[in-house]
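Here's a quick tour for anyone meeting this structure for the first time. Take a look at the picture, then read on.

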Amino acid sequence: MTMTPRIPVTVEQIDRVVSKFYGRVRAHPALGLIFAAHVADWPAHEEKIGRFWRNALLLHHCYDGNPMQIHRTAGNVRAQHFSVWLSLFDSVLDEELPPPLATAWSSLAHRIGRGLSYGLPSDDGEDEVPRLGQA
Ligand code: HEM
């Protein structure tokens, strides 16, 4: 049974966005270093992220990882990295896709990013989760 896509991009468009985006990530002074500490096999990483987005956008059941857990245990992923990540991602979407698709995919990415960044540590040493009961 073929599911109606959530956002009607093609698999080729997803692959192009993923490949261009991680090219920018590798070249970025801050994000590049963070990823370099974890990712040695970039084709394998991009293949996995391609499946993550096919799952999210086209509802293909081809990814069952746990990005929340992966980011938490990475040790160097912080809440404030998400705005940088998302602005790089938005520029690639704008370059690669017609505006309605870029806008729709961008808002989904921002929604997912809000969820994933919640509870990650930030550079001031505080967790995003408020510590109740402390002065
Ligand atoms: C909306 C934003 C983001 C999405 C959708 C996303 C998604 C993902 C996914 C699906 C994975 C693969 C998890 C797995 O192995 O199954 C991953 C891995 C990773 N992400 Fe993100 N991510 C986002 C933001 C970020 C940010 C802001 C950083 C830090 C700069 C980051 C750093 C990493 C790293 C280093 C890995 C590789 C971990 C490893 O393989 O050991 N991600 N991400």
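## A leucine to start with

Where is Leu 59 found? Leu 59 sits in the loop between H3 and H4. Keep in mind as you look around that this is a predicted model.

For background, most residues other than glycine have a negative phi.

## The overall build

So what is the chain made of? There are six helices and zero strands, and reading from the N terminus the elements go α-α-α-α-α-α. The radius of gyration is 16 Å, close to the 14 Å that the globule rule gives for 135 residues, so the chain is as compact as a globular protein of that length.

If you boxed up the C-alpha atoms along the principal axes, you'd need roughly 55 × 30 × 30 Å. Of the chain's 135 residues, 15% count as buried. Now take the contacts between residues at least 6 apart in sequence: 70% of them join residues at least 24 apart.

## Around the ligand

The ligand has 21 residues around it, and the ones that come nearest are His 38, Gly 65, His 81, Trp 85 and Gly 113. By type, the shell splits into 15 nonpolar residues, five polar and one charged.

Which helices supply at least two residues each to that shell? They are H2 (29-36), H3 (42-58), H4 (67-74), H5 (81-96) and H6 (99-117).

## H6 and what follows

H6 is 19 residues long and stretches 26 Å from its first C-alpha to its last, close to the 27 Å expected at 1.5 Å a residue. Just after H6 comes Gly 119, with a positive phi of about 90°.

Ser 122 also belongs to the segment after H6. Is Ser 122 buried or partly exposed? With 13 other C-beta atoms within 10 Å, Ser 122 is partly exposed. Ser 122 and Val 77 are 45 residues apart in sequence, yet their C-alpha atoms are 8.7 Å apart in space.

Methods: Residues numbered from 1 in each chain as written. Predicted model: local features only at pLDDT ≥ 70, side-chain atom pairs only at ≥ 80, totals over all residues. Near = placed C-beta within 6 Å. Helix = DSSP H or I, 4+ residues; strand = E, 2+ residues; numbered from the N terminus. Nonpolar A, V, L, I, M, F, W, Y, C, P; charged D, E, K, R; others polar. Rg over C-alpha atoms; globule rule 2.2 N^0.38 Å. Buried ≥ 20, exposed ≤ 12 C-beta atoms within 10 Å, placed from the backbone. Contact = placed C-beta atoms within 7 Å. Expected span 1.5 Å × (residues − 1).
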